[in-house]
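Please look at the sequence and the model first, and then read the points grouped by topic.

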Amino acid sequence: MYFGVDYYPEHWPRDEWEAQADLMKEGNFNIVRMGEFAWKIFEKQEGKFDFSLLDDAIEILAKRGIKTILGTPTAAPPKWLNDNYDILQRDKYGRKKEWGSRRECCANSTDYIEKSRIIVDEMAKHYKDNSNVVAWQIDNEFGCHGSTRCYCEQCRREFASWLKEKYGTIENLNAKWGSVFWSLDYDSFDEVILPAYNACEGTFGDLWSHNPGLDLEYHRFSSDSWVKYQKMQIDIIKKYTDAPVTHNLMGHFSDIDYYDLSKDLDFVSWDNYPDNQWGGSDYEYVSMAHEIMRGVKDKNFVVMEEQSGPAGWDVLGRTPKPGQLRLWTYQSIAHGAEGMVYFRFRTALFGMEQYWYGVLDHDGVPRRRFYELQQTGKELQALEQYIVGAKNNYDALLVKSYDNTWGHDIKRHNHKYNYEGHLYSYYKANRRHNVGMAVSRGDYEKYKAVYMPAYNIVEDDEIAKLEKYVENGGVLVLTFRSGTRDTFNRVRSLAVPGVFAKLAGIEVEEFDSLRDTEVAVTGSFEGKARLWCDIINPVTAKTICTYDSEYYKGKAAVTVNSYGKGKVFYVGCDLDDAAMEKFVELVSKEAGIEIINAPTGVEVIKRGDCTILLNHNAEAVDVKGLAEGKALIGGSDFTGKLEAFGVEFVAK
């Protein structure tokens, strides 16, 4: 399996490379990723290519048994490209995003596309027969720091063509969008605007203030633009080599539809930073990010950038405590990773990321973090047979939809509502009970329970699939703000919950978007709602919880409906963490899903033939009874003890 580091030989004197490579070998690393920010080095002047620096680095590493993943360098264009061509994005205010950072280019710039095509072609041609290059990474972190959507004239023209192909006639577009509202009808596709800054924005805060159909389609178009740009590069590389191709995705980031972006990749990789200058993440949030990455192709993945030290751009996050780097590595593996690459090998002395610490500090001297990863690498060599190709056991599915991510962002329902936070509340409750939960879409029949929180934009063919799933015995969970919009972001002329009314067996009489109010919920479990309350009229469903305050006291808040051989739960409100955990218990029992109650902060994951135990606590815990068998790391029968930030693989 890949166990390596991200490496930037261009940042270090040539006479230090040999010693750095020796340290990598000593650290048990067998792979590096490099090249992804070196366009200027490879093409100092337009049309003049020189890959000798990279050639030498690859050769030095190869002599020590270390292979290379090559990154195409298109995330950081050289100054000559910016000076001679129109490649830069415009923001929604019409301002040019000036050169001087990274990811400032427009995916629809014909100049940027053509120059990218040339450099990728030259790289692929140069390295096509190099056996030490074992994989390729396209670009770097599409969708990073708000760089997905551009509002330039080239994008406007491409958007018009994209819409014409989709809608056929402008009359059809006007009808689907309801452009008659505010007299926004178009006479041709060339008239269609981009959803840039307008009179309403700023008047009522920072909101999406155009026609909802236009807003949603521009999210889709922008996503498609990067998918198309990536495929251009993949197609070039595949002309020359069969080496697998990946891109380093970004977990919870949602500007690009990762299902679409990953379909052309041989494998998914992603960049995992559990604690950086912008804050630390709960372990459940990190676990969910791993599951999103596994779920976009329903396939094991590689972590291409794993945090290896304190991280920040202008200020620093926390320094990982002893054992945490090892724990984060095994957490990744437990949720589907079968390769691990740490960012970065040695901390940069210059540039924006001077504070983004790597395995080694600025002085290049091995210390605690290096030796912790050295130990981890040695352990993984012995565990490889239990990791590569192993599959996790999943009983439940949490459906993440990028259309719904964008749709809820455009129409938020409540100032405090966040669709992705809503999804996370359901994932977190299942993880607290150690339920094997995938995060993906479709293939409902594979799971005993399917959670679809706030699934509001619904394609027509999905309705029949869900009905079949429940009829055959599946358990489905729906929530408030579901089923009321079509694929064009139009509200359906149906009572809430729209297309799900028959499945849920309810009708929502009205709702209350809460503001600085808590509403008590009581019944099969107790809790509080703070964002939203659907006031439910059960038709064929049974009430399992009611509201215990406000004018709708006594009205149904949570229901369950028998449908064929299965059940449909409808949760008409948000729930606090404790109530959510009780609700998940109830759903799991109905679906026949095993709940594993572990000490707080302990994860239990079934992967292949192993049970993986992860202790996210800073103190030792006793987990006796959660797994029995041989401790594959400890090397004897498992005693039930996990040290602080401890890990164990247990095989029967």
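**Backbone features in loops**

N489 is found in the loop between β15 and α16. Helices (H or I, at least four residues) and strands (E, at least two) are DSSP runs, numbered from the N terminus. This is a predicted model, in which local features need pLDDT of at least 70 and side-chain atom pairs count only at pLDDT 80 or more, whereas totals for chains, interfaces and linings use all residues. Residues are numbered from 1 along each chain as its sequence is written, and side-chain values use heavy atoms, with hydrogens and water left out.

- Phi of N489 is near 70°, a positive value in a residue other than glycine.
- N489 counts as buried at 3% relative accessibility; buried means under 20% relative accessible area, exposed over 50%, and partly exposed in between (1.4 Å probe, protein chains only).
- N434, in the loop between α14 (419–432) and β13 (437–440), has a positive phi of about 55° although it is not a glycine.
- With a relative accessibility of 5%, N434 counts as buried.
- The peptide bond from V496 to P497 is cis, with omega near 10°, and P497 has its place in the loop between β15 (475–479) and α16 (501–504).
- Another cis peptide bond joins F343 and R344, with omega about -20°; R344 lies in the loop between β11 and α12 (368–383).

**Overall form**

- The secondary structure of the protein chain comes to 17 helices and 28 strands.
- The radius of gyration of the protein chain, taken over C-alpha atoms, is 26 Å, which agrees with the value near 26 Å for a compact globule of 652 residues; the globule rule is 2.2 Å times the number of residues to the power 0.38.
- Along the principal axes, the C-alpha atoms of the protein chain fill a box of roughly 75 × 70 × 40 Å.
- Of the 652 residues of the protein chain, 60% count as buried.
- Among contacts (heavy atoms within 4.5 Å) with a separation of 6 or more in the protein chain, 71% come from residues 24 or more positions apart.

**Strand pairing**

- Strand β11 (residues 337–343) is mostly covered, with six of its seven residues buried.
- Strand β1 (residues 2–6) pairs with β11 in the parallel sense over four bridges; two strands pair if DSSP finds at least two bridges between them.
- Within this part of the model, G4 stands opposite V341 in β11.
- Strand β10 (residues 301–307) also runs parallel to β11, joined to it by four bridges, and E306 stands opposite Y342 in β11.
- An open sheet of four strands has the order β23-β24-β28-β26, with antiparallel pairing.
- The edge strands of this sheet are β23 (602–607) and β26 (630–631), each of which pairs on one side only.
- Five bridges link strand β24 (residues 610–615) and strand β28 (residues 647–651) in the antiparallel sense; I612 has F649 in β28 as its bridge partner.

- Y151 lies in the loop between β4 (133–137) and α6 (153–167).
- Y151 is buried, with a relative accessible area of 15%.
- Not counting residues up to four places away in sequence, Y151 touches R90, D91, K92, L194, P195, A196, W208 and Y218.
- The C-alpha atoms of Y151 and Q45, which are 106 residues apart along the chain, are separated by 29 Å.
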